[in-house]
Amino acid sequence: MPLRHRIDPRHILKHWQKYISLRSKATSITLMDPPDKSEGDRKLYRALSLSNGLRAMLISDPSKGSNAASQTSMHSPAPSTGTSSDSSLEHYKGKLAACAVMMGVGSFHEPRQYQGLAHFLEHMIFMGSKKYPIENAFDSFVAKSGGFSNAHTENEDTCFYFEVEEQHLDKTLDMFMHLMKEPLMSIDAMARERSSVQAEFEQTHMIDEVRRDQLMASMASDGYPHGTFSWGNLKSLQEDVNDEHLHKTLHAFRRKHYGANRMIVCLQAELPLDELEALLVRHCSDIPKSEEPVLDASKFNYRHAFREQFFREVLLVQPVEDVCKLEITWVLPAMRQYYRSKPDTFMSQLLGYEGVGSLCSYLRQRLWCMSIMAGVSGNSFDNNSIYSLFTLSIYLTDDGFEHLDDVIAATFAWIRLLNESNTLFATYQEMQQIAATNFRFQIEMTSMDNVQSIAEAIRFLPPKDVLSGTELYFEYDEAALLMVKQHLGEFRFNIMISSHIPYNQLEYDRVEPWFGTHYMGIDMPEKWQAMWLNPQPHPELKLPEPNPFITTDFTVHWLEEGKPHIPRRPKALIRNDLCELWYRPDDTFLLPDGFINLYLITPILRRSPLDYISAVLFTYLVEFSIAERLYPALMAGLSYGLETADKGLVLRVSGYNQKLPLLLEIIMQVMQTLEIDPAQVLSFKELKKRQLFNALITGKSLNLDLRLTVLEHMRFSLLQKYNAIDSITVDDVQSFKDNFHKKMYVQCLIQGNFTEQEARDVMQKVHDIYHSAKVENLQEQHNRLVQLPLGQHYLRVRTLNEDDPNTIVSNYYQLGPCSIRMECLMDLVDQIVEEPFFNQLRTQEQLGYSLAVYQRIGYGILAYILNINTQENKHRADHVEARLEAFRAGMPELVASLSDQEFDEVRATLINGKKLGDHSLDDEVMRNWTEIVSMEYFFNRIDMQIQTLSTLSKQDVSDFLLNYDKSHLRKLSVQVIGAPTVARQSPNQSISDAIAARQDSVTGLGRRPGSLSMLLDEVQRNISEEQLLFEQIGDRVHLEFIGEGNNPEHITDINAFKRNLHVYPFITSNPKQHTTGNKS
């Protein structure tokens, strides 16, 4: 329930007078009900509409512990207060201002003559306005203002959004709203933006979920708007297209559908609500209305949205990904109208349940499936104003595909069990309780994510429920639940089977025209109809038991203890030869949440690739064994993960703090008592081998691995791990399980809503379970980097996939031992050169769409990196590398070209960005955890960066770059070179790109999910052409180095190159931490 504020008559009178005054002007404002908000939400909200029809939500988000007028900490450097860990960190609570604009037009509205026109218009809007005519002026201004902007087009709406420093909000709004009022959209810009639309299409071309949607769209009934190709590409927007006619159509389409009456604005800043309202009126009151109203969805009957063929045929689809997937899809009425009871969400929780007695459990025990998902997805093809698609997706193993009839029989029995159950009310109440708790103690989103979420909710929710409507189960509606059950119980659904191996060896004889998906349709087998009509009982299937992990104690200890002063840095409760325990109670977010992070450092992982992979397999076996038992914990708002890192195992639990010690103890007990199953070891070995193979054939991951293999003193390469995995036995995994803890050093961070005694109890429990002895020579477990020789060195490797044209060039420039001053100098360099880097190499020279410039600190050694993903059949690697080097050589000139005022603005933007507060406890925990596992313990790093930045001048940055270029250049260029010619006709996106798109950018110690969940997610999305490649070369993987053996600049043998290089000692940038080892 929302907090109830004391009524102030003066406050009411003030707003009434303002309302009457505004009503008398040209622009009238109508106030609407304020939204119900969660208990800990400190933000202030105002819902309103303008006389031109525009609807808006204004959000005043004062810094924690301050009022909305306190803005100074964001706009000027804090005075130096010494080097104390707690000096000025407490004042870094600022946030970026953000705005989302939802325009009520999407692909449902576009003419079939120009499919993808709505998406194309979204791109063209940014190409300047009458007031600000320079193309991309808006994006450039946002970037220089420390912000970010983007947009996306859906079926029924288009969302634009940006975030900037608050001091630039007025100017940014002016620039953006003029794009809405008077965009130029010149005919000259169309060619470039069509290429951008094509690039986005190519990025999605190999994603099976997108291809599935388009295949379903091809089965839309005539006259229904979802039967379009919403992405757009050169085929739909350029081939046989008259540019003048397209240009006129584009402008006419905007006038018809872009207007204030179809526009929702959500604006969030630290400013008071009245000031935000003034900004809204000033910039939006003169936006004209659209020529046409929004699409009337009531004229479409959801029962007729798809042709009868959709329900009559089983679709057999050849996926891009190496996946076996069974999908059953029902067409429901548009479900957003049932948001108060959420019957579809409730049934999806039951159908997709993975705990004991579930369909997922039944299939996993037989090794027939990896995961199950159910429900109405969030994408606009599945969920719109006409219909909602409810899908049950079962990701099958190869064995499960062979037992497809048995899988379908169990699935139909599970659906019948849930549909016929009359005892679901207690389960509904439990989910209602969990949802209410999650909303009550909601974790705050970033400003930009928040405004997008709210703008979308305003479309279909009343103002009062905008915040709570998507989160809460307000009421149990038996009639609504019965309606969903009736639909799910009707023999009127689509079955889609996606498999690289065709079902019953049938040939895929049809082709979807836009994505080229191969598929065929067969009549629903009679045996499946019989299974549906008379499902056989499966005694193993049963409804979920009451959840034992639901939190009941929400006491916030810091409040209970009288709000004592808490230092900003974690406190070391224990530091000895066996462990270090760091603790910090939360005094900022005031939620009953907590994090327990354990790094179990053991020398075994450093011994050999075989030992390392044995550890990986052990983590998979542990997670697999606890998945069913701990699934209720995930439902109750807890999370856990176990994974390998460089020096040992990382075990994390997080969520509501009450049950976290119990959750941790359960996992550690399983780690001790686990019985190693030979069949599971064999299965996970095969999955891990496939995962490693994916990484080796993917240019981005191979490039990174080669660079780190050169640089790191202790590293097992991808190829070493791949070559070791076949020789691993059950005894190897058993040996790791029995011995990893015998000599172990534990790093632990406990942060959040815990008492100090609870933290000590957790560490004592670890000791009680493991009884570890100390690790001798702990320093030897710390990795270090080699010092590159002076000059330039090149490592070139040919891609393993001869049909992959992608070339990855990564130039690494080693600067040396990092200090806080060097780190800040590189921060300034990054801020100055990033926009010119993208403009020159991507926009002007069009060398590649994916490129980056950034600094990297590895084991105390600072470097900066320029990399680019190009295609060898378009741009040769040596040319791309030369252009990267030319840009690097010109970086000092870019700095010198700035005026003093421009440099000061860059520096101020950088400082303001570092002053932004943590969005959540998770952010704060990960920042502290990084300092602990790196053994830097530089907890006031941001504070020192801000103080150092304020002392740096443009001359300092210029001298830094020029001195490095003249006397200290240590460069390593790593190039994974693609095929200059492709032997066969490749799809628009390569296998390498498709795999890379699936990989998480956060790895190792910073990764949140468990290692098993990531493995299953990646392997069930393997590319089917990768499977063929694996079968062809999987047993004879060999890297081909390119270079002249007698040229000292060419690296053709990594071990020989590294043999005599200097190895840096363990280095820290913390001025108070100059020793190595485990003590500071």
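# Cavities, aromatic contacts and a strand pair

By class, 5 nonpolar, 2 polar and 6 charged residues make up the lining of the largest cavity, where Ala, Val, Leu, Ile, Met, Phe, Trp, Tyr, Cys and Pro count as nonpolar, Asp, Glu, Lys and Arg as charged, and the others, Gly among them, as polar. The model is predicted, so that local features need pLDDT of at least 70 and side-chain atom pairs count only at pLDDT 80 or more, while totals for chains, interfaces and linings use all residues. Residues are numbered from 1 along each chain as its sequence is written, and side-chain values use heavy atoms, with hydrogens and water left out.

**Cavities**

- The structure holds 10 cavities of 30 Å³ or more, a cavity being a set of points, on a 1 Å grid over the protein atoms alone, where a 1.4 Å probe fits but cannot get out.
- The largest cavity has a volume of about 90 Å³, volume being the space filled by probe spheres set on the points, which are joined across faces, edges and corners.
- Its lining comprises 13 residues, of which Asp208, Arg212, Val317, Pro319 and Ser498 lie nearest the centre of the largest cavity; lining residues have an atom within 4 Å of a point.
- Helix H7 (208-217), strand S9 (324-333) and strand S12 (494-498) each supply at least two residues of this lining, and H7 gives the most, with 4 residues; helices (H or I, at least four residues) and strands (E, at least two) are DSSP runs numbered from the N terminus.
- The second largest cavity contains about 60 Å³ of space and is lined by Leu578, Met744, Val746, Val766, His767, Tyr770 and Ser772.
- Helix H27 (residues 756-770) contributes the largest share of the lining of the second largest cavity, 3 residues, and that lining divides into 5 nonpolar, 2 polar and no charged residues.

**Aromatic pairs and cluster**

- The count comes to 47 aromatic pairs, where rings of Phe, Tyr and Trp (its six-membered ring) pair if their centres lie within 6.5 Å, with planes under 30 degrees apart counted as stacked, over 60 as edge-to-face and the rest as tilted.
- In one of these pairs, the rings of phenylalanine 138 and phenylalanine 162 have centres 5.7 Å apart and planes at 80°, so the pair is edge-to-face.
- Because phenylalanine 138 lies in helix H4 (residues 137-144) and phenylalanine 162 in strand S6 (residues 158-164), the pair ties together parts that are 24 residues apart in sequence.
- Both phenylalanine 138 and phenylalanine 162 are buried, with buried meaning under 20% relative accessible area, exposed over 50%, and partly exposed in between (1.4 Å probe, protein chains only).
- Phenylalanine 381 and tyrosine 387 also form an edge-to-face pair, at 6.3 Å centre to centre and 75° between the planes; phenylalanine 381 is buried, with a relative accessible area of 8%, and tyrosine 387 counts as buried at 0%.
- One aromatic cluster is formed by Phe126, Phe138, Phe160, Phe162, Phe176 and Tyr258.

**Charges over rings**

- The charged end of arginine 340 sits over the ring of phenylalanine 474, 4.2 Å from the ring centre, the criterion being NZ of Lys or CZ of Arg within 6 Å of the ring centre and within 35 degrees of the ring normal.
- Likewise, the charged end of arginine 492 sits over the ring of phenylalanine 311, 3.9 Å from the ring centre.

**Strands S18 and S19**

- Strand S18 (residues 638-644) is mostly covered, with 6 of its 7 residues buried.
- S18 and strand S19 (residues 648-656) run antiparallel and are joined by 7 bridges, where strands pair if DSSP finds at least two bridges between them.
- Glycine 641 has arginine 652 as its bridge partner in S19, and a hairpin joins S18 to S19 through 3 residues.

Terms used: On a 1 Å grid over the protein atoms alone, a cavity is a set of points where a 1.4 Å probe fits but cannot get out, and a pocket is an open set with protein on both sides within 12 Å along at least five of seven lines; lining residues have an atom within 4 Å of a point.
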